[in-house]
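Visitor: I keep hearing about salt bridges, and I'd like to learn how to read them in a structure. Could you walk me through some?

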Amino acid sequence: IQNKELQLYYQPQYNVVNNEIVGAEALIRLEDKEMGFIPPATLLELAEETGVIIDIGYWALQSACRRGKIWNESGFENLFVGVNLSVKQFFDLNLVSKIKAVIESTKFDPNYLELEITETALMHDTDRALQIINKLKDIGIKISLDDFGTGYSSLSHLKLFPIDKLKIDQLFISNADLQGRDGIIISSILELCNKLNIEAVAEGVETKESLNFLGKNKCPLAQGYYFSPPLTVEKFEAMIASKDN
């Protein structure tokens, strides 16, 4: 952070029906001068172990909101920015006040900020998690439940928490047997989301077949390498500019 070596890449999220970019998930990347490109999983694992994950998280939030404000002023006012919160950051006692400070300093509209949390975070302290989520939603921030379908997935979370988006883990989408159990699970999750008025996002979309399946089962949003890998700021901006024209 001090040496300004961290970068944010942006993976676009698409409307399945009209193929329009609706926003992007901000993803942290690090290319070290000596070691080269550090795999994201390794970077985040080390950040957790060393305790700097909270500092990195707020850096990412600040950077993403600042970039979102630039896009807003450049005529792309409807693009949302998704930022991941680690478990430690989610339960940081100063989380809400710090997020308010970031929004105030960047002047980014909180209605276009999505905070992505995993179900693991919700498991730690359900009551406190609900309080935090409600405070964030009071600001206008959207809450996205990440990696749904893995780990500690529970339908009770959809009942208890006011979730705006549910991201179906790429485990079910990438290389999925769409005519078998994978397809049944995906279609069931999508039907559930539609009835609960929660926007579903399919992660890990890599083939036209997957996209067609999602469209037939009324999945509104998707992201994955079929559309685009995570991009540098410059490449993402070039992409949205070309689509706008």
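Predicted model: local features only at pLDDT ≥ 70, side-chain atom pairs only at ≥ 80, totals over all residues.

Visitor: What's the general idea?

Guide: Side chains of opposite charge can pair when their charged atoms come close.

Visitor: How many salt bridges turn up in the whole structure?

Guide: A search of the whole structure gives ten. One of them joins Glu116 to Lys167, with 3.0 Å between the closest N and O atoms. That pair ties distant parts of the chain together: Glu116 sits in strand 5 and Lys167 in strand 7, 51 residues apart.

Visitor: Is Lys167 buried or exposed?

Guide: Lys167 counts as buried because its relative accessibility is 0%, and the cut-off for buried is under 20%. Glu116 is buried too, at 2%.

Visitor: Which other residue meets Lys167 in a salt bridge?

Guide: Glu203 does, at 3.5 Å from N to O. Glu203 lies in the loop between strand 8 and helix 10, 36 residues from Lys167. With 10% relative accessibility, Glu203 also counts as buried. And there's a network of salt bridges here, linking Glu25, Glu116, Lys167 and Glu203.

Visitor: Where do Glu191 and Lys195 lie?

Guide: Both are in helix 9, four residues apart, which is about one turn of the helix.

How values were computed:
Residues numbered from 1 in each chain as written. Heavy atoms only, no water. Salt bridge = Lys/Arg side-chain N within 4 Å of Asp/Glu carboxyl O. Helix = DSSP H or I, 4+ residues; strand = E, 2+ residues; numbered from the N terminus. Buried < 20%, exposed > 50% of the residue type's maximum accessible area, 1.4 Å probe, protein only.
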